[in-house]
Structures are given as C-alpha cells and as structure tokens.
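Subject: Handing over a structure, with notes

Dear colleague,

Please find the structure below, followed by my notes on what was found in it.

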Amino acid sequence: MRDGITNILVVGIGGQGVMTAAEMLARTAISQGYDVKKTEVAGMAQRGGVVSSHVRFGPKVYSPQIDAGEADLLIGFEAAEALRWLPHLRPTGVAMVNTLRIAPPVVSAGLYAYPADPIGELAATGIEVHAFDAGAIAEELGNTKLVNTIMLGAISDHLPFPAEVLKANIVEGFRAYKPKLAEVNAQAFDAGREAGHVKAVSRQLTA
Amino acid sequence: MNAVVHAKAESRHLLSGNEAVARAAWEAGVRVAAAYPGTPATEILENIALYPNIYSEWSVNEKVAVEVAIGASLAGSRALAAMKHVGMNVASDAFMTQSLAGVVGGLVIVVADDVGLSSSQNEQDSRYWGRFGHMPILEPADSQEAYDLVKRAFDLSEAHETPVIVRMTTRVCHVKAMVVLESERLERPTPGFQKNPQRWVMTPANAKPRLPIMHERDRALRDASEASDLNVVSAGGDRRIGFITSGPTFMHVRETFPDAPVLKLGFSHPAPLDKIRAFASQVDTLVVVEETEPLLETEIRAAGLEVHGKTILPRFGELAPSVLRPAIKALLGEAHEAASRSRADLFPRPPTMCASCPHLGPYFALSHIRNLNIIGDIGCYTLGAGHPWNALDTCISMGASLSMAHGMDKGRGDSDEKKSIVAVIGDSTFLHMGMQGLLNMIYNRGNVTVLLLDNRSVGMTGGQENPGTGQDLHGLPAPRVDFAKLAEALGVRPERIRMVDPYELPTMVKLVREETKMEEPSVIITNRPCSLTDRFERLRAYTVLDDQCTGCGNCIDLGCPAISVARRETVTAKSGKTKELVFAQIDPNTCTGCHMCVETCAPDAIVQPEPQNRVIRIHAHA
Ligand SMILES: Cc1ncc(C[n+]2csc(CCOP(=O)(O)OP(=O)(O)O)c2C)c(N)n1
Ligand code: SF4
Ligand code: SF4
Ligand code: SF4
C-alpha cells in the first residue's frame with residue numbers, strides 16, 4: 001500500500017455481483033473516514049461480458065483507476081477472470097479466488113479454449129493466492145446470491161480496517177433494505193472469512 | 001428510493017458523477033429535465049426522476065429533449081437536457097440556432113462522451129460543439145466537481161443568456177466518489193414566457209442582428225473564463241513539465257506526476273489564454289492532456305505558445321496513468337518499464353444476448369435464410385452480427401437501418417440482383433429516428449422487409465421506457481403507440497404488416513421467407529418483452545434428456561446462453577465420412593423456461609421437468 005492508498009480489484013462476469021461487492025468496500029472505506037473512488041472497467045457487462053471494478057481509498061485519491069501492477073488485493077469471482085487480471089496485482093499482493101468456472105458461448109462453440117487448470121496457473125505465478133469454492137458455501141447456506149458476501153468475508157482480514165466493520169456495514173445494509181436476508185448474510189460473511197484462511201496455493205518466499 | 005434525495009446539506013455521500021448531476025440539478029432549482037437514454041448518460045435522468053419538484057421525461061430522441069428544455073427555458077424555468085455524445089449530433093439542429101437566440105431560464109446540456117468506446121458506435125469529442133455553437137463548456141473531473149459545476153453552469157447560463165455545455169466522460173459519469181453536499185433546493189421565480197418575436201423568431205432578419213451579440217458574448221465569456229476560479233493552478237515543485245488538463249485527466253495527471261504544476265481547466269471553453277500564457281512562463285515545457293481531440297492544444301499553439309499534446313499522447317482513448325507515464329517519461333528522456341494489466345492470451349467474453357431474449361427468434365430465422373442483405377440498427381439486436389448468428393451486415397447510427405436499406409435497394413449492384421433487403425430495428429430506435437426512414441421508403445416506392453423488434457423496452461441501455469411500452473420515466477401508465485397502426489398510417493399496406501410471436505420459430509422463419517419474397521415493403525413486428533424487464537414472466541427451466549439428444553446441435557444455433565455444449569463426438573458414417581456430433585445441455589439457473597429452443601429439437605429431447613419440492617434453505621441457520 002503506497003501513499004497510504006489501498007487498491008482493490010474485484011473481477012468477474014456481468015451479473016455476479018462484482019459491482020455490488022466493490023460498492024460495499026467503497027462505502028465501508030468512506031465510513032472509516034477515507035477518501036474513496038470506485039470505477040468499473042466494463043463493456044456491456046449486463047450481456048455476459050468481463051467486469052472489473054477498481055476500488056481505491058486512502059487519505060486523498062485522485063485517479064479512480066488502479067495502475068497496472070499496483071493492485072494490493074484481487075477478489076476473483078471466477079477462476080479464469082482471476083487469472084486474466086492477476087498481472088494487475090503487485091508481486092506482494094494477495095488474491096482471493098472463487099474456483100467457479102464459467103465458459104462463455106465462444107468457448108462452448110469451440111472457438112477458444114478455457115484454461116485447463118486456472119488455479120494451477122495462478123499458483124505458478126508465485127503470488128499469494130487463496131482459492132476456494134464460494135458457490136458450495138452459498139449453496140450450503142441455501143442461496144447462490146450469497147457468493148458476493150462470502151468473497152467479502154474471505155478478503156476481510158486483509159483490509160486496513162477490522163473485518164467486523166465491513167461485516168457490520170453489509171449486515172446493516174441488508175437490515176435496512178432486505179431485513180430477511182440480514183442474518184444469512186452475516187453467516188455468509190463468517191463462512192467466507194473462515195474459508196479465506198485456507199492455505200495459499202502458493203506463496204512467494206522472497207517477497 | 002435513492003438515499004441522497006433526502007440528504008441534507010453538508011452530508012458526505014458516495015455518488016456517481018451522474019447521481020451528482022441529478023442532485024445538483026435539483027438544488028439549482030431545475031424545473032424541467034429531458035433526455036433520451038444512452039450510455040454513459042442514462043442515469044442522469046433516472047436519478048433526476050427521483051427528486052420532487054422537477055418535471056422530468058424520457059423524450060423520444062435527443063433533439064426533442066433539447067427542444068423541450070429550450071421551451072422551458074423560454075418560459076423562464078431552469079432546464080436541463082442530458083445525452084450521450086452521439087445524441088449531440090441529433091440535437092444539434094436545435095441548439096445551434098438557440099445559441100444564437102440565447103436563453104432565459106438557465107439552460108444546461110449535459111453531454112457524456114464515451115471516451116474509450118466502452119459501449120458506443122464511435123468516439124467523439126463533444127467539446128467541438130461548444131466551439132461550433134458558441135457555447136461555454138464546463139468540464140468536471142470527478143463526482144464532487146460534477147455536482148459543483150452543474151450548479152455553476154446554471155448561473156453562467158443566466159448571466160450570459162447562453163446554453164451551457166457540461167461535458168462529462170465515462171470516467172466521470174460512472175465513477176463513484178465522495179461528494180459533500182453544500183445546500184438544498186433553492187426555488188426560483190419563473191417569470192413566464194415574454195413574447196418578443198425579434199428575439200425568438202429566428203427569421204433571417206431577426207437572426208442577423210443576433211450574430212454580433214453572440215460574438216460579443218463569446219468575448220465576455222472569455223473574460224469570465226480568465227477570471228474563473230474553476231481555472232486554477234495546483235502548485236508543484238518539479239517545473240520541468242507544466243500540465244494543462246480538462247476533465248478527468250486532471251486526476252490521472254495528479255496521480256502520475258504529483259510534483260508537477262497543473263493548470264486545471266474546469267471552465268475549458270473559451271480557453272483562458274492569458275492564464276495559460278502566465279502558467280507557461282513558469283514551467284520548462286507545457287503539455288496539454290485532453291480527451292480526445294487536440295482542441296486546447298491547437299488553440300494554445302495558435303496563441304503562439306510552444307506546447308506538447310497529441311504530439312506525444314494518443315489521439316483516442318483514455319489518458320489513464322498507464323498511458324501518460326510512458327509518454328511523459330519519454331519526453332523527459334527517462335527510462336520506463338511497462339507493467340502489464342491483464343493476460344491478453346485468454347479467451348474473450350464478448351457480450352451476448354440474454355437467455356430467452358426475444359431477438360433470438362428473429363436471428364434464428366435470419367441466420368437460416370439465404371440471399372439477404374441485413375441492414376441493422378443500434379440496440380441489443382446489433383449483437384446479431386456476432387456469434388452464432390452472423391446475421392447483421394451494417395450498423396452506424398440510430399434509425400439508419402430503414403433509410404440505408406432503401407438506398408441499398410435502389411442502388412443494387414450485380415451481386416445483389418437476387419437478394420432481398422432486410423432492415424432490423426428495435427422499438428425505441430424506430431420511434432427515435434427510424435419511422436422517418438419508413439415513411440421515406442413508402443413515399444419513394446422502395447422495397448424493404450422491415451423487422452421491427454418490439455421488446456417493449458430500451459434494452460441496450462438497461463430497460464428504460466419509451467412511447468411503445470405503455471409507461472413513462474416514472475413507471476406511470478402512459479399512452480402506448482400502436483406500431484401496426486403507425487406503419488399503416490405511414491403507408492404500409494395492412495396485408496404486409498405481420499405480427500409475430502418471436503418464440504414461435506417455425507412461424508418466424510416462414511414469415512421472414514414469405515415477406516422477403518414480396519415485391520413491396522413489409523413490416524414484421526415481434527411482440528415479446530425483453531427478458532430483463534418486469535414484463536417478462538419467468539417460467540420453470542427446461543432440460544435436455546441426454547439419452548434422447550442426438551447431437552444435432554440445432555438448439556445451440558439459437559444462441560441462447562442457457563444452452564451450451566455438453567460434449568462433442570466424432571462419428572464415422574457408413575459412407576466413411578466423419579461427422580462431428582454436438583450434444584447440448586441447459587443451465588437450469590439461466591434458463592427462463594421460454595420454450596423457444598424446444599422447436600429446434602426434432603427428437604423432443606428438450607423438456608420441462610415436473611416441479612420438484614425444492615427445499616428453500618435460506619433461513620436454515622436462522
Ligand atoms: C443517438 C443515440 N442515442 C442513444 C444511443 C444509445 N442507445 C444505443 S441502442 C439504444 C436503443 C435500443 O433500444 P431498442 O431499439 O428498443 O433496442 P433493444 O436494445 O431494446 O433491443 C440506445 C438508446 C445511441 N447509440 N445513439
Ligand atoms: S436486455 Fe433484453 S433485449 Fe437486450 S439482450 Fe437481454 S433480453 Fe434481449
Ligand atoms: S427454454 Fe430454451 S431458449 Fe428458452 S431460456 Fe431456456 S434454454 Fe433458452
Ligand atoms: S436440438 Fe435436441 S437433439 Fe439436437 S443437440 Fe439440441 S437437444 Fe440435442
């Protein structure tokens with residue numbers, strides 16, 4: 001984290017809740033007194049395209065975009081998307097990756113190949129990557145939309161503010177707008193936080 | 001409802017540039033706001049609609065929106081029109097003359113340039129319009145400035161009786177950033193329309209005396225720009241390069257070169273040339289960082305100053321830190337090591353149509369019929385040019401399909417002799433600018449088969465309402481245009497107006513075949529709603545019975561993203577020829593149960609399973 005600025009890159013596919021997760025991080029950062037900027041680099045996201053959301057916070061943030069190789073944290077909602085954006089991380093950065101694989105129609109049609117082992121490729125980079133199946137946890141909790149909160153829980157111990165602050169913000173948000181979902185999101189956050197402690201698939205020893 | 005609507009002065013909020021514009025418009029006492037949707041400007045009106053005491057509407061196109069705002073201004077109300085960059089092309093006929101006549105109530109045009117072309121047909125620099133139409137331009141760099149500058153724009157507009165352009169870019173519209181609210185709404189007196197034909201009736205005799213007034217206004221605006229606190233220097237100790245920025249490039253420059261002095265132009269046209277000259281004298285080298293055309297650069301050079309700009313920076317796309325750094329380092333003769341952002345060798349994820357999209361049926365038909373020239377338009381159906389349909393041959397501007405198709409019919413070349421000409425257009429685009437093309441084609445005895453894809457939505461921009469949907473911007477019931485009657489009124493023979501359910505694939509194919517053979521114009525109108533709107537009814541998912549699937553691959557050609565390849569097998573026929581079989585599967589979470597694909601499957605392998613009593617476990621741990 002340079003100049004006291006934290007750069008978080010959240011990546012996935014349109015419709016997965018990438019932007020919502022980024023917004024949650026941004027709001028929580030504001031509540032902690034930081035200056036914040038959040039931007040999307042998304043084409044026609046609603047139509048199944050790639051989405052990457054940049055969240056930057058610190059004492060004073062100018063550009064909303066995280067420069068190449070400057071992300072501190074990467075939250076990958078899908079394995080190949082995490083792989084796509086990994087070069088955006090600093091060598092000392094941390095990636096939290098959902099092992100879900102979603103192949104687009106162009107892959108299904110045989111025009112392109114989906115990498116055989118994206119997690120293995122992530123590990124080979126030597127960057128600290130934690131990978132787990134967030135979908136399975138969400139299903140266990142009975143609602144696939146919880147992946148979002150699970151991923152936030154997983155990254156929460158790597159933030160410059162306490163995990164509890166992020167959790168409280170998420171849960172309060174639900175309490176205000178969708179009270180029925182507040183409790184299960186609290187569980188999802190905790191489950192994600194636990195899952196995020198999974199041993200890194202690789203760690204750069206010389207960092 | 002959006003929280004910021006009720007927010008008090010001096011509170012802090014995370015707002016997008018578009019949300020900030022809406023709040024500012026409300027505070028500024030705007031009484032009328034009009035827009036036609038377009039990325040990245042759409043959310044401006046969607047947010048204004050949430051505030052009380054502002055009349056707001058989706059207009060049918062940008063020219064209409066600007067004219068609505070002009071009318072309100074002449075009545076003495078503050079008025080705002082918003083649009084994406086290409087909307088300015090449509091609206092220009094109105095504002096080019098209104099600028100000459102001037103305004104009464106503050107009139108602000110907020111235009112959003114899609115710098116970097118994330119979802120547009122071209123990249124345009126709207127700052128040309130300020131020069132062309134003699135209108136001042138304010139350029140916010142982030143949400144806070146969008147909020148501040150919109151309010152300033154109304155004051156400026158009234159002080160100089162001129163329309164004012166607030167020029168945003170994607171990187172201001174859609175970035176969320178902190179905004180500290182300054183005040184709440186201030187109601188203003190609205191004097192009402194004061195008749196004054198010499199001022200408001202732009203005949204040559206009345207327009208001529210306005211010309212010197214407009215040029216005098218330009219001079220006064222230049223003085224205002226020179227004196228404006230929106231054009232301000234941020235000091236920096238490293239004077240090797242002094243930057244001049246407009247819009248969000250300020251943020252990128254500050255980020256990348258924190259020690260360099262920057263002259264930030266928030267009031268960028270007319271450019272404050274004296275201020276620029278003074279700034280230039282304090283730095284070794286002057287670099288203008290502007291998106292996207294070298295407008296300030298050219299003006300500064302014409303003023304006799306030595307300046308870099310597009311001489312070292314790209315002429316298109318965003319000037320983000322990763323673009324600036326190498327260019328500036330090269331100028332300083334310093335080494336630069338480029339870091340990578342993403343792995344370029346991975347598969348792409350091109351945007352595609354949604355599961356059960358009502359456009360899938362027409363494209364299934366078009367991709368199965370030969371000898372067509374398919375002249376397209378702008379909307380979700382433009383995606384029909386892509387995989388797997390490859391059934392759209394052109395797309396340039398909204399409404400162009402019908403008129404271009406007509407021209408192609410009249411200008412047929414040798415290879416077109418046996419071809420039929422088809423125009424494909426959506427409901428919103430038809431009402432925006434397409435119906436004139438139909439009228440023209442009928443009047444001039446053309447022969448085009450028109451596919452009017454009425455999905456009761458402006459799908460591409462996120463499902464807004466239009467005069468064909470039966471609802472207005474606020475979701476209230478509104479009169480609904482009858483497309484069949486409209487086509488008939490424009491002169492299409494009733495026999496050639498065909499309503500069709502786009503999910504009925506055999507009928508869809510048959511109709512397109514029939515109508516393209518006709519020696520006169522036809523209009524085929526589809527009638528299923530966009531799957532992402534509330535008008536769409538989601539049903540139980542279908543599934544493929546694997547033991548029934550013969551691997552014919554037909555359903556995959558439909559292009560529904562819920563259907564994918566389960567596996568491929570190569571078989572050898574008796575003749576010795578090999579053939580690839582493609583077996584299908586349906587993702588139950590994506591499938592909406594629209595039934596469309598069932599029609600593609602001869603062996604009836606696609607079925608809707610009986611509902612199971614699924615245990616909903618959301619509260620299992622509660
Ligand atoms: C002049 C202009 N204004 C706005 C837009 C943005 N835009 C792109 S497509 C579209 C409308 C699409 O609606 P419709 O024709 O109904 O097709 P759908 O997307 O619903 O299939 C709009 C507003 C544009 N490209 N050009
Ligand atoms: S948004 Fe609507 S019209 Fe556009 S692709 Fe999706 S379903 Fe089709
Ligand atoms: S029924 Fe078929 S066409 Fe319709 S959404 Fe499901 S898979 Fe797609
Ligand atoms: S159309 Fe029917 S048989 Fe052919 S691939 Fe699809 S499901 Fe299988």
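By class, how many nonpolar, polar and charged residues does the shell around ligand 3 have? The shell has nine nonpolar residues, four polar ones and no charged ones, where Ala, Val, Leu, Ile, Met, Phe, Trp, Tyr, Cys and Pro count as nonpolar, Asp, Glu, Lys and Arg as charged, and the others, Gly among them, as polar.

Before going further, please note that this is a predicted model, in which local features need pLDDT of at least 70 and side-chain atom pairs count only at pLDDT 80 or more, while totals for chains, interfaces and linings use all residues. Residues are numbered from 1 along each chain as its sequence is written, chains are lettered from A and ligands numbered from 1 in the order in which they are written, and side-chain values use heavy atoms, with hydrogens and water left out.

The ligands

There are 13 residues around ligand 3, and those that come nearest are C560(B), C591(B), C594(B), H595(B) and C597(B); a residue is counted here if one of its heavy atoms lies within 4 Å of the ligand. Ligand 1 is surrounded by 25 residues, with E62(B), H359(B), D427(B), T429(B) and G459(B) the closest. An oxygen atom of ligand 1 lies 2.5 Å from an N or O atom in the side chain of T429(B), and a polar side-chain atom of H359(B) is 2.7 Å from an oxygen atom of this ligand. For Y381(B), a polar side-chain atom lies 3.2 Å from an oxygen atom of ligand 1.

Where the chains meet

In chain B, 50 residues are in contact with 64 residues of chain A, contact meaning heavy atoms within 4.5 Å. The area buried between the two chains is about 4,800 Å², and carbon and sulfur atoms give 57% of it; buried area is the accessible area (1.4 Å probe) that two parts lose on being put together, summed over both. R341(B), F347(B) and R349(B) supply 17% of the area that chain B buries against chain A, more than any other three residues.

Between chain B and chain A the count is seven salt bridges, each a side-chain nitrogen of Lys or Arg within 4 Å of a carboxyl oxygen of Asp or Glu. The side chains of E121(A) and R343(B) meet in a salt bridge, at 2.7 Å from N to O.

Best wishes

Note on methods: Polar contact = N/O pair within 3.5 Å; in protein donor to acceptor, adjacent residues only side chain to side chain.
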